[in-house]
Amino acid sequence: MIKFLDLHKINARFEVQFQEQFKKFLKSGHYILGDQVALFESNYAKYCGTKHCIGISNGLDALILIFKAYKVLGKLKENDEVIVPANTYIASILPVIHNGLTPVFVEPDKETYNISTLEIEKHITPNTKAILAVHLYGQLANMKAINTIAKKHNLLVIEDAAQAHGAINENGKKAGNLSDVAAFSFYPSKNLGALGDGGAVTTNNDVLAETIKKLRNYGASKKYVNELIGFNNRLDEIQAVFLNIKLKKLDEDNTIRRYIAKRYLSELNNEKVKLPFYNNALDHIFHLFVVLVEDREGFINYLKENQIETLIHYPIAPHQQDALKDYASLNLPITEHIHKTIVSLPISPVMNEKEVTKIINTINLY
Ligand SMILES: *Cc1c(COP(=O)(O)O)cnc(C)c1O
């Protein structure tokens, strides 16, 4: 069976280093917000090219704290509208709702599946205060256009970079450094994944960084001195140990993913399988390789019979989830069609050429 993603194989590559560093961690006796979190924050800020990185418990919490911090700072208030892509994982949208803000769902571009910048403009009202850009599947959203729109209408721009660690734009700038502030997830299956939950916020804004740093730790910057009504949303020290080791291999891993994607794109040749858009640039790290197939169930079963595992990211659009009933009446045909027909093929830095070839040959015979 070719697994969709072999997480053990991915992490087994670091086993010796993990064990060495774990011993030091154990011995340190410092298990919360210790040297390793501080080191990771400095490493990851440097990697992204931002002034600040704040380690957070997970990607969802990172987004929740970003919106919360903007409320604390008076930049956002209850019921303000936030433009969100309709075509995303629900974790992009929940933070808006948790903060009492109103998500405004915008359809994607038909080619990239990222938010359509033409559609953004049509949804701006006097209550619009922010745009949440998601780099879906690892491909940068059109940040140039998004930032231009934001500037024109005086809006905040927040990146959900949970799927885009290391994606680089045409000017050499990385995901996480393309707007006011960004959220990352280090969920184990992400391109930079911990061995448990993890997340981060990156920004160049000193005040915002300081506020988020307080919010993640009970609202305190000094122990037992609480300035804000905070949370416990800290990145775990042990996860920082793993992330410091794995970060060094991120670029190499992304290169392998791009290589596999290029093989798929040049060798897959079946008119029933619509391939994703890719311009051969570094702005895509192929967190997922997503194809569109009208008879999705038949395609998935055919691959399963041929020992190839696939997944769907995601089978139900956020506005069609029971949890978001208030938005059920929205008419979002592009988003709905995408959710009905997408299939994610295996792609990972530990796949070998033979597996890629087998997947290509099998799909070409479908
Ligand atoms: C994974 C993911 C999140 C949430 O991250 P967690 O660490 O699982 O909370 C948010 N947005 C997107 C686009 C994601 O892929």
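Visitor: Which atom of Lys190 lies 2.6 Å from the ligand, and what does it face there?
Guide: In this predicted model, a polar side-chain atom of Lys190 lies 2.6 Å from an oxygen atom of the ligand.

Visitor: How far is Ser185 from an oxygen atom of the ligand?
Guide: The distance is 2.6 Å, and the atom on the Ser185 side is a polar side-chain atom.

Visitor: And Gly59, side chain or backbone?
Guide: Backbone: a polar backbone atom of Gly59 is 2.8 Å from an oxygen atom of the ligand. Of the ligand's own accessible area of 380 Å², the protein covers 91%.

Visitor: Which residues come nearest to the ligand?
Guide: There are 14 residues around the ligand, and those that come nearest are Gly59, Asp160, Gln163, Ser185 and Lys190.

Visitor: What is the make-up of that shell by class?
Guide: The shell consists of six nonpolar, six polar and two charged residues.

Visitor: Turning to the sheet, what is the strand order?
Guide: The order is S1-S7-S6-S5-S4-S2-S3, an open sheet of seven strands with mixed pairing. From one strand to the next, the twist averages 20 degrees.

Visitor: In which sense do S5 and S6 pair, parallel or antiparallel?
Guide: Strand S5, residues 156-160, pairs with strand S6, residues 181-185, in the parallel sense over three bridges. Asp160 stands opposite Ala183 in S6. Asp160 is also among the residues that come nearest to the ligand.

Visitor: Which helix lies across S6, and at what angle?
Guide: Helix H4, residues 59-72, runs at about 160 degrees to S6. Helix H4 also lies across S1, S2 (81-85), S4 (128-134), S5 and S7 (199-203).

Visitor: New topic: where is the cis peptide bond?
Guide: The cis bond joins His313 and Tyr314, with omega at about 15 degrees. Tyr314 belongs to the loop between helix H11 (296-305) and helix H12 (333-341).

Visitor: What is the phi of Leu33, and where does Leu33 lie?
Guide: Leu33 is not a glycine, yet its phi is positive, about 45 degrees. Leu33 is in the loop between helix H2 (15-28) and helix H3 (35-48). For context, most residues other than glycine have a negative phi, and most peptide bonds are trans.

How values were computed: Residues are numbered from 1 along each chain as its sequence is written. This is a predicted model: local features need pLDDT of at least 70, side-chain atom pairs count only at pLDDT 80 or more; totals for chains, interfaces and linings use all residues. Side-chain values use heavy atoms; hydrogens and water are left out. A residue is near a molecule or strand if one of its heavy atoms lies within 4 Å of it. A polar contact is a pair of N or O atoms within 3.5 Å; within protein, one must be able to donate a hydrogen and the other to accept it, and residues adjacent in sequence count only if both atoms are side-chain atoms. Accessible areas come from the Shrake-Rupley method with a 1.4 Å probe; for residues, only the protein chains shown count as cover. Ala, Val, Leu, Ile, Met, Phe, Trp, Tyr, Cys and Pro count as nonpolar, Asp, Glu, Lys and Arg as charged, and the others, Gly among them, as polar. Two strands pair if DSSP finds at least two bridges between them. Helices (H or I, at least four residues) and strands (E, at least two) are DSSP runs, numbered from the N terminus. Axes are lines fitted to C-alpha atoms, for helices over the stretch in contact, and angles run from 0 to 180 degrees between N-to-C directions. Contact means heavy atoms within 4.5 Å.
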